[in-house]
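Here's a walk through one model, side chain by side chain. Have the structure open and follow along.

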Amino acid sequence: MSHAAVVVLAPNWLGDAVLALPAIVDVRRAFPGSLLAVAARGSVAGVFRLVRQVDEVITLRSDSRWWRSAAFRGDAESLGQYNLAILFPNSFQSAWLVKQARVAERWGYRSDVRSRLLTRAVPRVKGGHQAEYYQRLITALGMQAGPGAPAIDLTAETRAAAQQMLAEHGHEAGRMLVVLAPGAAYGTAKQWIP
């Protein structure tokens, strides 16, 4: 596969963004010589800046009133340089955005009455873990799925900033810190596999 510039539209929620990381790495493997960007909401864009396989992160500014928003037009303008968009969100908005950006190839799941906006709309498969859901999309689009574990690359700056934030909130350096969040909204699809 060859495309000069590929953009992945990221999921909008933090947990989903993390679970999309393996599929983003799969996209990089499928397009090794291409520019790979991730377009994401400001609330999750920072996650993708920690993934070495991603060349650029575009922070999307439009919100739920996108259809009459100058921010939406700005988002479309920022995506105009890409010739392939892969949509992880199932929303009509994401498909309309890349259509308005005039991205030539627009690939994603057939959902939310957006099939005519996509150049490759694959049948949506329900069930299973959310990480598998994103990898099933890229597999249906002809790419190979790799390992399903998400990974980020923490720089020394990021580690130092985290240590400073923890210290400001009372954590003692060198003392073990355990964080546990076993639940998730919408059932087992977004919970970590035991």
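Let's start with a polar link: the side chains of Gln 130 and Tyr 134 are joined by a polar contact of 3.1 Å. A polar contact here is a pair of N or O atoms within 3.5 Å; within protein, one must be able to donate a hydrogen and the other to accept it, and residues adjacent in sequence count only if both atoms are side-chain atoms. Keep in mind that this is a predicted model, where local features need pLDDT of at least 70 and side-chain atom pairs count only at pLDDT 80 or more, while totals for chains, interfaces and linings use all residues. Residues are numbered from 1 along each chain as its sequence is written, and side-chain values use heavy atoms, with hydrogens and water left out.

Gln 130 belongs to helix α5; helices (H or I, at least four residues) and strands (E, at least two) are DSSP runs, numbered from the N terminus. Is Gln 130 buried or exposed? Gln 130 is buried, because its relative accessibility is 13%, and the cut-offs are under 20% relative accessible area for buried, over 50% for exposed and partly exposed in between (1.4 Å probe, protein chains only).

Another polar contact, of 2.8 Å, ties the side chain of Ser 62 to that of Asp 75. Ser 62 sits in the loop between β3 and α3. Leaving out residues up to four places away in sequence, Ser 62 touches Arg 41, Ser 69, Ala 71, Phe 72, Asp 75 and Gln 93, with contact meaning heavy atoms within 4.5 Å.

Here's how some accessibilities line up:

| Residue | Relative accessibility | Class |
|---|---|---|
| Tyr 133 | 7% | buried |
| Tyr 134 | 3% | buried |
| Ser 62 | 5% | buried |
| Arg 102 | 71% | exposed |

Now the rings. The whole structure holds 4 aromatic pairs, where rings of Phe, Tyr and Trp (its six-membered ring) pair if their centres lie within 6.5 Å, with planes under 30 degrees apart counted as stacked, over 60 as edge-to-face and the rest as tilted. Tyr 133 and Tyr 134 make an edge-to-face pair, 5.9 Å centre to centre with 70 degrees between the planes. Ring pairs also link Phe 88, Tyr 109, Tyr 133 and Tyr 134 into a cluster. Elsewhere, the charged end of Arg 120 sits over the ring of Trp 107, 4.6 Å from its centre; that label needs NZ of Lys or CZ of Arg within 6 Å of the ring centre and within 35 degrees of the ring normal.

Next, the nonpolar cores, each a set of buried Ala, Val, Leu, Ile, Met, Phe, Trp, Tyr and Cys residues joined through side-chain atoms within 4.5 Å. The largest has 32 residues, and Val 27, Phe 31, Phe 48, Ile 86, Phe 88 and Met 143 touch the most other members. Its top contributor is α1, with 7 residues.

After α4 comes Arg 102, with a positive phi near 65 degrees, in the loop between α4 and β5.
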